[in-house]
Amino acid sequence: MIKLKNIYKSFGQLEVLKGIDLDIHKSEVVCVIGPSGSGKSTLLRCLNQLERITSGDIYINGELIDHAEEGKNQLHLPQKKISEVCAELGMVFQRFNLFPHMTVLENVTCAPVMVKKEGKKEAEDYALDLLDRVGLLDKKDEYPSRLSGGQQQRVAIARALAMRPQIMLFDEPTSALDPELVGEVLEVMKKLAEEGMTMIVVTHEMGFAEEVGTRVIFMDEGKIVEQDDPKKFFAHPKTERAKAFLGKMPGVYSRTS
Amino acid sequence: MLTSKQVIALLQGAGSTLQLTLLAIVFGIVLGLFLALGRISRNKIINTICWIYIWIFRGTPLLLQILVVYYALPQYGIMLDAFPSAIIALSLNSGAYLAETIRAAIQSIDKGQMEASKALGMSYYQAMFKVIIPQSYRRLIPPVGNEMIMLLKDSSLVSAIGMAELLRNAKVMANSSADAVFYVYAAVIYLFFTSLLTLMFQRLEKRYSIYE
């Protein structure tokens, strides 16, 4: 569904991604882990065009949506086309980014109504269904500021799902949460994975990666250092850098040492 | 005591002042919004045009702008009455001031909001008008209130082109009756309006703070 070929991304002098090749298939749950600054989030942001790549190719559903060479975008797709393709990618941010001036229900319905021109009734029915699935139906008329971080993130997931995306991108979805709120968000994500959603999850939750992930990608310094089945990866990381990284993780240490 | 004629003159003047202020703030906000979007725009030409506009209108006296609209434009074939001239000059001026206020308010909104909008497939203008700008309302209320109070008082400058607003009417009566008390009446009416505006904007601010 997603194919990345030799992706490079620099911010000025700083090279953040250094030649990423990646294929992601339907219903995969790919967990991207690695130290901070390794380019994990940038990779996701390049996928849905929040950042433009410096060079490389991005295919989504077999369609070339970005092609750049030496910092110049070579493929001048109209903005509308880019928006359409990006709408196939749902994104969940570390800091939720809910719209504070809209109620929970409005947050979930606004994009389908505005972008997909869905009818209000249709969008609301689906939104209520989604809010029910993330367990927040009773909060539909609240403003986001009245919700806990975990609840806000679950609304953000519902909001992304409302666009009926084929792929969900999660950018450290639990990193801004209090520890006791992490579980409820991971639970929703797990359910989503079980329903067959294709997911790319940048995370520090090794337990989630091991249990729910179908593949783990370990990134360091802008490169994919290692990728494997989660069970194998966490039990027997092959590279020294992955071993060193897992060694610093509390709770993982006991199994890797 | 005041004669009924004098009361009517004062009230008519107050009415004109209020009319000028309300129209100028409405046009000023619309103009300011477009100028602000222009200043945020990555299009260098639009950006520069807006910058020059703001630079001129904030950098020259309002009185001069009023005089130019009323006395200089006719030389180029544009003849306007005192009232439309006054409205135009006041709107153009307040637009320049509001532009910078609105730009700052828009840019103070968390960048994540624009990113989330884009990630949901919204266009730049959908995101701007449905997500970003509505969030800036609350932050805009105090400075817009301030600007409106300034406008109310500065509208007295249009007496220079013979518009019969509050201060001018007071001055005419003070001169003809040789009694400066008319200035006190005018001051009381100005104070009444500015207090009303202050109160109104405090209310508005409270109403818009529900979600923060």
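Chain A comprises ten helices and eleven strands, where helices (H or I, at least four residues) and strands (E, at least two) are DSSP runs numbered from the N terminus. The model is a predicted one, in which local features need pLDDT of at least 70 and side-chain atom pairs count only at pLDDT 80 or more, while totals for chains, interfaces and linings use all residues. Residues are numbered from 1 along each chain as its sequence is written, chains are lettered from A in the order in which they are written, and side-chain values use heavy atoms, with hydrogens and water left out.

The C-alpha trace of chain A spans about 55 × 45 × 30 Å along its principal axes. Of the 257 residues in chain A, 54% are buried, that is, under 20% relative accessible area with a 1.4 Å probe and protein chains only. Where contacts (heavy atoms within 4.5 Å) in chain A join residues at least 6 apart in sequence, 61% of them are between residues at least 24 apart.

The contact between the two chains draws on 25 residues from chain A and 19 residues from chain B. Together, chain A and chain B bury about 1,800 Å², with 65% of this area on carbon and sulfur atoms; buried area is the accessible area (1.4 Å probe) that two parts lose on being put together, summed over both. On the side of chain A, the residues that lose the most area to chain B are F99(A), H101(A) and M114(A), which together account for 30% of what that side buries.

Notes: Buried means under 20% relative accessible area, exposed over 50%, partly exposed in between (1.4 Å probe, protein chains only).
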